[in-house]
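I set out to look up a few sites in this structure and to note what I found at each. The entries follow in the order in which I made them.

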Amino acid sequence: MAYRVPFVDPREHYRRLKSEVDLAVTETLAKGDLVLREQLASFERHLAAFVGTAYAVGVNSGYHALHFSLLAAGIGPGDEVITVAHTFVASVSAIVHAGATPVLIDVGPDHNMDVTLIERAITSRTRAIMPVHLNGRVCDMQRVMALAQSHGLAVIEDAAQALGARFDGRMAGGFGAAGCFSFYPLKALGGLGDGGAVTTNDPEIARKVTLLRFNGEDRETGEFHLHGYTALLDNVNAAVLDVKLRHLPMWIDHRRHIAALYRRTLEGVGDLRLPNFLDARHFDSFQNYVIRTARRDALRSVLRAEGVETLLHWPKPMWEHKGLCLTDPGLPETSRLCDEVLSLPMSAETTLEHVEFTTAAIRRFFGAA
Ligand SMILES: Cc1ncc(COP(=O)(O)O)c(C=O)c1O
């Protein structure tokens with residue numbers, strides 16, 4: 001179905017960047033630079049500078065960024081990692097594949113980890129905390145880092161949705177032992193396909209992730225230091241990401257502008273709860289604009305009929321997916337969010353007209369026109 005207001009518009013995204021992206025792709029291909037070449041190194045340098053870390057290592061997905069960061073931090077069988085269930089499944093799968101046990105805690109009113117619940121989840125087996133900076137909002141990293149330091153825990157940030165978001169003036173992905181990013185095409189910085197990166201200030205973590213992504217081989221010496229994986233960020237993808245990274249600050253400004261418009265037109269309408277959480281410490285990048293309403297399903301049907309595409313992140317608590325073999329942790333706020341969340345159109349290509357059309361339809365639905 002062709003929506004009048006698409007959730008995102010990859011064709012329009014490409015149309016706007018065509019000359020720059022085409023040049024990056026054709027130059028890279030013409031040089032035959034397909035694997036581990038200068039384009040990847042250049043993107044890694046620019047990404048590290050953007051996040052404010054000493055290193056960035058490109059990998060082939062956000063999932064692998066998380067998995068390798070956990071392995072590089074020494075997390076393994078018998079260990080517990082505290083994280084949330086209100087996230088994309090990859091956050092939790094990375095912990096499971098590292099051989100550790102995910103300990104799932106509830107989220108607070110901003111949809112992020114409720115930091116007041118961390119302390120009581122810590123046991124003698126806890127080795128790490130994985131805060132997830134959901135929807136482009138950084139968790140309260142002051143509390144997370146203070147708790148981690150006092151209990152001797154590693155912090156692996158799932159910043160897959162938060163490149164460019166800040167807390168206390170510092171970038172997501174620059175607080176913990178490692179920051180993990182996704183360049184899945186629909187992310188604020190989206191590549192040609194799957195892609196990801198780990199940012200870190202720890203040379204040993206950077207070295208281990210670099211080994212893990214390329215079958216354990218040290219490319220300088222040819223020595224295999226461990227059993228690794230085939231999980232590189234492709235060179236052509238890196239060349240395109242390097243081009244797009246220059247646009248990211250402008251795209252984030254646009255997202256913040258769209259979020260402010262949504263707020264202006266939807267505040268006080270029906271039972272809506274909006275994600276404009278005003279707190280001077282946070283600079284949100286609005287990867288998603290997620291509203292809450294008890295009438296979510298009816299509203300979604302009406303919007304679809306009017307030509308507005310919305311998504312659900314996520315409609316069913318993770319532990320209810322039987323195949324994931326997670327025990328029900330009993331997280332009331334997470335369950336409520338699953339029933340109430342609705343993600344509205346949000347991207348660098350979302351126009352003011354898109355917002356006007358969408359918000360007018362929502363206001364009519366609630367009888368507020
Ligand atoms: C919060 C979160 N964590 C991890 C991931 C995994 O990233 P990828 O899809 O690149 O593997 C995603 C991607 O959607 C995500 O949103």
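I began with Val35, which counts as partly exposed because its relative accessibility is 42%; the class lies between buried (under 20% relative accessible area) and exposed (over 50%), with a 1.4 Å probe and protein chains only. I work with a predicted model, in which local features need pLDDT of at least 70, side-chain atom pairs count only at pLDDT 80 or more, and totals for chains, interfaces and linings use all residues. Residues are numbered from 1 along each chain as its sequence is written, and side-chain values use heavy atoms, without hydrogens and water.

I located Val35 in the loop between α1 (10–31) and α2 (38–51); helices are DSSP runs (H or I, at least four residues), numbered from the N terminus.

Thr359 counts as buried because its relative accessibility is 3%. I noted that its side chain reaches the backbone oxygen of Val355 at 2.7 Å and that of Glu356 at 3.2 Å. Leaving out residues up to four places away in sequence, Thr359 touches Tyr262, Thr265 and Leu266 (contact means heavy atoms within 4.5 Å).

Last, I looked at the ligand. Of the 15 residues around it, Gly62, Tyr63, Asp158, Ser182 and Lys187 come nearest; a residue is near if one of its heavy atoms lies within 4 Å. I recorded a backbone N or O atom of Tyr63 at 2.9 Å from a ligand oxygen atom. A polar side-chain atom of Ser182 lies 2.7 Å from an oxygen atom of the ligand.

Methods
Helices (H or I, at least four residues) and strands (E, at least two) are DSSP runs, numbered from the N terminus. A polar contact is a pair of N or O atoms within 3.5 Å; within protein, one must be able to donate a hydrogen and the other to accept it, and residues adjacent in sequence count only if both atoms are side-chain atoms.
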